[in-house]
There are 2 protein chains.
Amino acid sequence: MSVVMKHSHTIGEAAATTGVSAKMIRHYEKIRLIMPAERTGAGYRLYDPADIHKLRFIRRARNLGFSIDEIKELLGLWQDETRASKDVRHVADSHLVALRNKAAEIHSMIDALEHLLEGCTNDDRPDCPILKGLASDTTSARPKNVGHKFGYERIC
Amino acid sequence: MSVVMKHSHTIGEAAATTGVSAKMIRHYEKIRLIMPAERTGAGYRLYDPADIHKLRFIRRARNLGFSIDEIKELLGLWQDETRASKDVRHVADSHLVALRNKAAEIHSMIDALEHLLEGCTNDDRPDCPILKGLASDTTSARPKNVGHKFGYERIC
DNA sequence: AATAAGGCTTCCTATGATGGGAAGGTCAAG
DNA sequence: CTTGACCTTCCCATCATAGGAAGCCTTATT
């Protein structure tokens, strides 16, 4: 292994540096998320730095829960040579909205966890502020915690 | 503490207010991601505000690409009655790290898209200069990660 | 009382994303 | 030339999600 020949990587190297498994890279090619890779004479796939970048982008997007179709569209922003700027802007804008929503949800989860760590970890608190903060319901009623196996009724 | 519930919802209402389909709610119960819901005398499932909150949390987490197992652990932070604070903190901390990484990746993608909108869209020119400009990465030094570790992750 | 709407269960199917493994070809180093 | 690491294709398994059908029961409205 070690240093790569000039500008192209084997599928294994690409997998190692992008975090996308070789299996998935082939899969992405088959479902046409990415274009068929170049091949060596023997049929080995070759990936240049642009491919590597795209794979990293894909991995990040998958990691954030974007579907393949969404990623296809995101990649299309860069790849589609026939798309006019206005279209690009429109599509990108809607994806930016989606991304910002995800960011908001993440921060909401982070807040919830931090809140848990601040306010709920000291043993004798039967009452969880997160419930009140995040659920928009009008009640703080709690279910009876009798019966069931693991006391799952308590959220906090 | 005020007990006595009866701000309970049917599965359909729970689905409507949480964005998790009734089908999935039953599924989550079956795979024990959530504990069996209370039932009316007739067998209808009932969901109180704490349940609703959990379902929203689940939907958010799924939406962000967390696996069921991860969500199980996250929910466990609130559900575990025996929580020894140290364990809770440890687990929560590691999840906070994961969440902050996701947040960073999201902001990286947002940056990439905004960069695309700034730099690539002001005419009908169909090719993207930056896509070409990246003909050298992976090994060569990228512009210092101004900001944070994901700052360089641009396709375009 | 009748009806519509919705809930209950079980079962069957499908699709998408991922990964495991088999059977075999390629390549470089010993 | 052999070996071991890597590649190829192809098939199969799993998990999360979704849809649907059948058959029965409950609740709300008319």
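Predicted model: local features only at pLDDT ≥ 70, side-chain atom pairs only at ≥ 80, totals over all residues.
A polar contact here is a pair of N or O atoms within 3.5 Å. In chain B, an N or O atom in the side chain of B:Arg39 sits 3.0 Å from a phosphate oxygen of DNA strand C. From chain A, a polar side-chain atom of A:Tyr28 comes to 2.6 Å from a phosphate oxygen of DNA strand C.

Two elements give two or more residues to the surface near DNA strand C: helix H2 (22-30) of chain A and helix H1 (11-18) of chain B. H2(A) supplies the largest share, four residues.

How many residues surround DNA strand C? There are 17, and the closest are A:Lys23, A:Tyr28, A:Ile68, B:Tyr44 and B:Arg45.

Sorted by class, the surface near DNA strand C holds seven nonpolar, five polar and five charged residues.

## Aromatic rings and charges

Now for the rings. Over all chains, a search of the whole structure turns up zero aromatic pairs. Charges do sit over rings, though: in chain A, the charged end of A:Lys102 is placed over the ring of A:Phe66, 4.8 Å from its centre. In chain B, B:Lys102 lies over the face of B:Phe66, and the ring centre is 4.7 Å away.

Terms used
Residues numbered from 1 in each chain as written. Chains lettered and ligands numbered in written order. Heavy atoms only, no water. Near = heavy atom within 4 Å. Polar contact = N/O pair within 3.5 Å; in protein donor to acceptor, adjacent residues only side chain to side chain. Nonpolar A, V, L, I, M, F, W, Y, C, P; charged D, E, K, R; others polar. Phe/Tyr/Trp six-rings, centres within 6.5 Å; stacked < 30°, edge-to-face > 60°. Lys NZ or Arg CZ within 6 Å of the ring centre and 35° of its normal.
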